[in-house]
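Hi,

Here is the structure I promised to pass on. Have a look at it first, and then read my notes below.

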Amino acid sequence: MDELILRAIIAAVLISINAAVAGSLTVFRRASFLVAGSAHSALAGVAAALFLNSIGFGVHYFIFAMIAAVFSAYLTARAARRGDVNTGIAAAFSLSMAVAVIFISMTRNSAANAWQFLFGDILLLTQEDFVILAVSTVLIVITVSFLYYKFLFISFDPLGAEAAGINVYFYDFVLIALISASVVTALKAVGAILVFSIFVAPSSAARILGKSTGSVYTITFVIALVSLYAGIATSYYLTLPSGAVAAALASTVYFAVAWKS
């Protein structure tokens, strides 16, 4: 089997794990827009890295994307403490897009590089991208497993969690930062625009179909994986963009489930 295809097949499993963990927690937290905000915040970091590389500085996009996403998570968590979390996400989203556009406009030959991060391509992941995805997925799953019940508590009953002595602000920031980090790991494979469909649509459909929190994770993983595999197969045989096909399929599944329920 071709090395690129094999790498894409394994990467799809890792991205589906991220979608199951981060997407489900995002839906439980009732902050679905957070995925889009995180992706576009990461795009601002990528744009800054592309600009620095264009003027001679050798920097890695992932570090800048992660810094930008975590900083956006901090702003969002601060805003959520004083009001609606979605308002904070929207403000961070707008700020990030403005920064991204400024850096891209200052970068020479920016269109091709920016396009890769806007729409992604799981078939073009390098060995280095694959290692980043694998290591990040392991770290995120381990961290979430240690803090899982606290995340559920503050998501479903923040007032009760605060009354129980849990530092809701701190754990909310950690939760948002982990979701942001998870989104960043899938950015180059799926793209800043389409990652929303892969992370939120499957978990939203699973939230309707699932009978328990455990079943929501399982259903989310299956929908995301089938969508990504369909995208890879379609791209291989019909030369269509894999990310777009996967996002379209995942979104269609959500609408079908929502309309039927």
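(Buried means under 20% relative accessible area, exposed over 50%, and partly exposed in between, with a 1.4 Å probe and protein chains only.)

Two things before you go on. This is a predicted model, where local features need pLDDT of at least 70 and side-chain atom pairs count only at pLDDT 80 or more, while totals for chains, interfaces and linings use all residues. Residues are numbered from 1 along each chain as its sequence is written, and side-chain values use heavy atoms, with hydrogens and water left out.

**Aromatic pairs**

Searching the whole structure turns up 11 aromatic pairs. (Rings of Phe, Tyr and Trp, the last by its six-membered ring, pair if their centres lie within 6.5 Å; planes under 30 degrees apart are stacked, over 60 edge-to-face, and the rest tilted.) One of them joins F28 and Y217, edge-to-face, with 5.9 Å centre to centre and 80 degrees between the planes. F28 sits in helix α1 (residues 3-28) and Y217 in helix α11 (residues 213-238), so this pair ties together parts 189 residues apart in sequence. (Helices are DSSP runs of H or I, at least four residues, numbered from the N terminus.) F28 is buried at 2% relative accessible area, and Y217 counts as buried too, at 16%.

Back to F51: its ring forms a tilted pair with F103, at 5.7 Å centre to centre and 45 degrees between the planes. F51 is in helix α2 and F103 in helix α4, 52 residues apart. F103 is partly exposed, with a relative accessible area of 23%. Ring pairs also link F28, Y148, Y149, F156 and Y217 into a cluster.

**Helix α12**

(The expected span is 1.5 Å times one less than the number of residues.) The buried residues here are S242, G243, A246, A247, A250, S251 and V257. Seen down the axis of α12, they fall within an arc of 155 degrees, so they line one face of the helix. (The arc is that of the directions from the helix axis to the C-beta atoms.) W259 and K260, on the other side, are exposed.

**Cavities**

How many cavities of 30 Å³ or more does the structure hold? There are four. (On a 1 Å grid over the protein atoms alone, a cavity is a set of points where a 1.4 Å probe fits but cannot get out; lining residues have an atom within 4 Å of a point. Points are joined across faces, edges and corners, and a volume is the space filled by probe spheres set on them.)

The largest cavity holds about 70 Å³ of space. Its lining includes Y61, F62, D129 and K188. The second largest cavity has a volume of about 50 Å³, and α12 gives the most to its lining, with three residues. Those lining residues include S242, G243 and A246, which are also among the buried residues of α12.

Enjoy exploring!

Conventions
Helix = DSSP H or I, 4+ residues; strand = E, 2+ residues; numbered from the N terminus. 1 Å grid on protein atoms, 1.4 Å probe; cavity = no way out; pocket = protein on both sides within 12 Å on 5 of 7 lines; lining within 4 Å.
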